[in-house]
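This briefing goes through one protein model, topic by topic, for a reader who has the sequence and coordinates at hand.

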Amino acid sequence: MGFLNRKPTSALGIDISTSAIKLLELRRQGKGYRVESYAAVPVADDAVVDHQIKEIQAVGEAIGKALKKSRSKTRQAAVALAGSQVISKTLTMPAGLSDDELEQQIAIEADHYIPFPLDEVNFDFEELGPVPGEDGQVEVLLVASRTEQVDQRVASLEVGGLMPYVVDVEPYVMENAAQLLKHQMPNNGDGATVALFDVGATTASATILHDLKAVYTREQVFGGRQLTDEIMDRYNLTFAEAGLAKKTGEGLPHGYEQEVIQPFIADLVQVVNRALQLFYSATPRYGKVDKIILAGGVATMAGVAEMVEEHLDVPCEVAHPFQDMQVSTHANPNALERDMPALMIAAGLALRGLE
Ligand SMILES: Nc1ncnc2c1ncn2[C@@H]1O[C@H](COP(=O)(O)OP(=O)(O)OP(=O)(O)O)[C@@H](O)[C@H]1O
Ligand SMILES: [Mg+2]
């Protein structure tokens, strides 16, 4: 009956991010997917700093809460490291080695590439294919991270009652999640160059895709936290008050839009523009991007896509990864609709489990 190698029909992705734990479960349905469950639980301000889990117990408890809230029965989940927590290098190796032989060879060479002691490092590799124009050589992608970073994630999931089945890396997860945005791309992504930005609480990541493959990625320190800080300082509010105020305008004086919101959006436009300019100078062969898609919590602010489009003269939309999906009654459809742009990483991780 093929019972043992049956592919799972549903899978959980957990995004352990600066502002919240976001849990999303996708299920296969026909040729596509449906959203089986969704829950987000805020984490304390200092629990996750620079993508490092500082408070494993608190993060684990938030994961446990999210799991309970979601009512998911699945107990295996995928998590990710941030791009800045890994080193990736493309190596050239002799063709025809077995996985074990490759691993041995890479272990020997790895200390040339990895700037930490090897006994503190996890590494993984993937054969990319033959080196163009060189017989008998293959390209191998080596991805390495500090064991500590992986262990923090695994331990947090375990506190929350979940088993990790994969620890992925955000830029790859984002590339994978981009397939859910095909309907927003010219020609469904075929031949198109699309810049996908995820602007969260503290990090803005750029993933530039050509034919749906990532050809350029970059992370920058920029996010909604900066706006919250500005509102706290200027209007003398607490972090929680400022966080709410920026979404609703509640408790802010007349004219706050011009004072704080507009300058923040102008900064965002600059962040996007800078990433595009760097992409153009690094890889001119792709030409101008055809479309910008904005994801992350910041993308839910009114008018951001319009501002980017107007200033950079490239069509721009907010990400709608679940637009074509059915949503289970378990998953709160209103919360899902509101948070949708901020769920790219969670969605890409869930997809990993269904591959
Ligand atoms: N409606 C809104 N108006 C303004 N800001 C918003 C709105 N909704 C969310 N945000 C902001 O978006 C940010 C959270 O976005 P997101 O969930 O993508 O971040 P994150 O994934 O937790 O952070 P990071 O990716 O940096 O670790 C917060 O700064 C939040 O205040
Ligand atoms: Mg994020």
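In this predicted model, strands β12 and β13 run antiparallel and are joined by eight bridges. Within that pairing, S205 stands opposite E219 in β13. The points below place this pair in its sheet, and then turn to the helices, the domains, the ligand shell and a second sheet.

**The five-stranded sheet**

- The sheet that holds β12 and β13 is open and has five strands in the order β13-β12-β11-β14-β15, with mixed pairing.
- Because β13 and β15 stand at the edges and have a single partner strand each, one side of each is left without a neighbour in the sheet.
- From one strand to the next, the twist averages 20 degrees.
- Strand β11 (residues 193-199) pairs with β14 in the parallel sense over five bridges, and the bridge partner of V194 in β14 is K291.
- The pairing of β14 with strand β15 (residues 316-318) is likewise parallel and runs over three bridges, with I292 standing opposite C316 in β15.
- Five of the five residues of strand β14 (residues 291-295) are buried, so the strand is largely enclosed by the rest of the structure.
- From β14, K291, I293 and A295 point one way while I292 and L294 point the other way, and all of them are buried.

**Helices on the five-stranded sheet**

- Helix α4 lies across β11, β12 and β13, and runs at about 50 degrees to β12.
- Helix α8 (residues 304-312) also packs on this sheet, where it touches β14 and β15, and its direction makes about 165 degrees with that of β15.
- Seven of the eight residues of α4 are buried, so this helix is largely enclosed by the rest of the structure; the buried residues are E170, P171, Y172, V173, M174, N176 and A177.
- These buried residues of α4 pack against β6 (76-81), β10 (163-169), β11, β12 (203-210), β13 (213-221) and α10 (344-352).

**Domains and their contact**

- The domain assignment divides the chain into domain 1 (10-81 + 149-179 + 321-352), domain 2 (84-148) and domain 3 (193-318).
- The C-alpha centres of domain 1 and domain 3 lie 22 Å apart, and 13 residues of domain 1 are in contact with 19 residues of domain 3.
- On the side of domain 1 that touches domain 3, the largest share, four residues, comes from helix α4 (residues 170-177).
- By class, the residues on that side of domain 1 divide into six nonpolar, four polar and three charged.

**The shell around ligand 1**

- Ligand 1 is surrounded by 21 residues, of which the closest are S17, S19, G200, G224 and G297.
- The elements that give two or more residues to this shell are α5 (224-235) and α6 (239-248).
- The shell has five nonpolar, 13 polar and three charged residues.
- Both domain 1 and domain 3 give residues to the shell, so ligand 1 lies between these two domains.

**The three-stranded sheet**

- A separate description applies to the open sheet of three strands in the order β7-β9-β8, in which the pairing is antiparallel.
- Its edges are β7 (86-94) and β8 (121-130), each with a single partner strand, so one side of each is left without a neighbour in the sheet.
- Neighbouring strands of this sheet are turned by 25 degrees against each other on average, direction ignored.
- Nine bridges join β7 to the antiparallel strand β9 (residues 137-146), and M93 stands opposite V138 in β9.
- Helix α3 (residues 147-159) packs on this sheet and touches β8 and β9, with its direction at about 65 degrees to that of β9.

- G60 is found in helix α1 (residues 56-70), and G60 counts as buried because 21 other C-beta atoms lie within 10 Å, where the cut-off for a buried residue is 20 or more.
- Leaving aside residues up to four places away in sequence, G60 touches S156, V159 and G160.
- The C-alpha atoms of G60 and R153 are separated by 8.9 Å, although the two residues are 93 residues apart along the chain.

Technical notes
Residues are numbered from 1 along each chain as its sequence is written. Chains are lettered from A and ligands numbered from 1 in the order in which they are written. This is a predicted model: local features need pLDDT of at least 70, side-chain atom pairs count only at pLDDT 80 or more; totals for chains, interfaces and linings use all residues. A residue is buried if 20 or more other C-beta atoms lie within 10 Å of its own, exposed if 12 or fewer, and partly exposed in between; C-beta atoms are placed from the backbone. Two residues are in contact if their C-beta atoms, placed from the backbone, lie within 7 Å. A residue is near a molecule or strand if its C-beta atom, placed from the backbone, lies within 6 Å of it. Ala, Val, Leu, Ile, Met, Phe, Trp, Tyr, Cys and Pro count as nonpolar, Asp, Glu, Lys and Arg as charged, and the others, Gly among them, as polar. Domain bounds come from an automatic or database domain assignment. Two strands pair if DSSP finds at least two bridges between them. Axes are lines fitted to C-alpha atoms, for helices over the stretch in contact, and angles run from 0 to 180 degrees between N-to-C directions.
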